[in-house]
Amino acid sequence: MSYPNLSALLEAIVYLAKEPVSIDSIHKALPDVDRETIERTIALLVEKYQMENHGIEIREVADGLRFATKPEHHEILKKFLQSLTPPTRLSLAALETLAVIAYKQPVTVPEIQEIRGVHASGVIKTLLDKKLVAAGGRKEVLGRPILYKTTKEFLIHFGLNDIGELPSMEEFEELIKNQATSEETLQVELPLEEVQ
């Protein structure tokens with residue numbers, strides 16, 4: 001099989017790989033292309049990215065290739081990264097509460113607590129602070145409790161165009177289970193301190 005733009009394909013492979021990718025790995029993925037052609041095309045890519053009009057380069061790291069920023073930009077990039085808002089991490093309780101609000105909105109705190117079976121005020125405060133939910137008026141019942149709904153930031157955080165794009169409840173429950181499992185695994189994998 002021939003690849004009309006081998007250079008672009010190799011560039012995509014190096015970009016996509018989470019770990020430095022070796023020429024052997026690339027050759028296994030593209031067995032129809034001889035190793036010399038791969039090496040020659042990679043060398044041209046390395047040369048292309050060394051030009052000053054590129055902010056990144058292809059670097060040899062741990063017997064493989066990977067994209068990296070050029071050293072002359074490191075100080076500015078470090079400041080840029082420090083200025084970014086850290087990603088929002090949500091606890092399992094916050095995710096469950098957010099799911100109830102997203103699927104049942106507008107919804108009151110007592111309605112959320114009835115569905116979840118636990119107290120939700122603290123979690124709602126956290127979601128309000130993170131601007132993932134907002135007050136959406138008051139329910140026309142005795143006591144006029146506040147109604148909560150999701151916000152534009154919620155849509156941005158989860159990559160949705162509108163609420164209609166939410167996954168089904170079954171898919172959402174699976175996401176919650178997966179996050180809980182990954183958090184448990186993370187806790188188990190932490191090394192124990194040696195007793196002296």
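Tutor: One term is needed at the outset: a contact means heavy atoms within 4.5 Å. This is a predicted model, in which local features need pLDDT of at least 70, side-chain atom pairs count only at pLDDT 80 or more, and totals for chains, interfaces and linings use all residues. Residues are numbered from 1 along each chain as its sequence is written, and side-chain values use heavy atoms, with hydrogens and water left out.

Student: Which residues is Phe154 in contact with, leaving aside its neighbours within four places in sequence?

Tutor: Neighbours within four places in sequence are set aside here. The remaining contacts of Phe154 are Leu98, Ala102, Lys131, Leu132, Leu160, Ile163 and Leu166.

Student: What is the mean pLDDT of the protein chain?

Tutor: The pLDDT is the predictor's confidence in each residue, from 0 to 100. In the protein chain, 87% of the residues reach 70 or more. Over residues 186-196, by contrast, the pLDDT is below 50, and beyond near neighbours in sequence this stretch has 0 contacts in the model. The mean for the protein chain is 83.

Student: Which element of the protein chain has the highest mean pLDDT?

Tutor: Elements are DSSP runs, numbered from the N terminus: helices (H or I, at least four residues) and strands (E, at least two). The protein chain has 9 helices and 4 strands. Among these elements, helix α9 (residues 169-189) has the lowest mean pLDDT, 63, while the highest, 94, belongs to strand β4 (residues 146-150).

Student: Within what arc do the buried residues of α1 fall?

Tutor: In helix α1 (residues 6-16), the buried residues are Leu6, Leu10, Glu11, Ile13 and Val14. The arc is that of the directions from the helix axis to the C-beta atoms. Seen down the axis of α1, the buried residues line one face of the helix, because they fall within an arc of 160°.

Student: Which residues on the other side of α1 are exposed?

Tutor: The cover over the buried residues of α1 includes α2 (23-29), α3 (35-50), β1 (56-61) and β2 (64-69). On the other side of α1, the exposed residues are Tyr15 and Leu16.

Student: Over how many bridges do β1 and β2 pair?

Tutor: Two strands pair if DSSP finds at least two bridges between them. Here Glu57 stands opposite Ala68 in β2, and β1 and β2 form a hairpin with 2 residues between them. Their pairing is antiparallel, and the number of bridges is 6.

Student: Is Ala62 buried or exposed?

Tutor: Ala62 is found in the loop between β1 and β2. Its phi is near 50°, a positive value in a residue other than glycine. At 69% relative accessibility, Ala62 counts as exposed.

Student: Is Lys70 buried or exposed?

Tutor: Lys70 lies in the loop between β2 and α4 (74-83). Beyond its neighbours within four places in sequence, Lys70 has contacts that include Tyr49, His54 and Ile56. With a relative accessible area of 4%, Lys70 is buried.

Student: What is the omega of the peptide bond from Gln105 to Pro106?

Tutor: Pro106 has its place in the loop between α5 and α6. Most residues other than glycine have a negative phi, and most peptide bonds are trans. The bond from Gln105 to Pro106 is cis, with omega near -10°.

Technical notes. Buried < 20%, exposed > 50% of the residue type's maximum accessible area, 1.4 Å probe, protein only.
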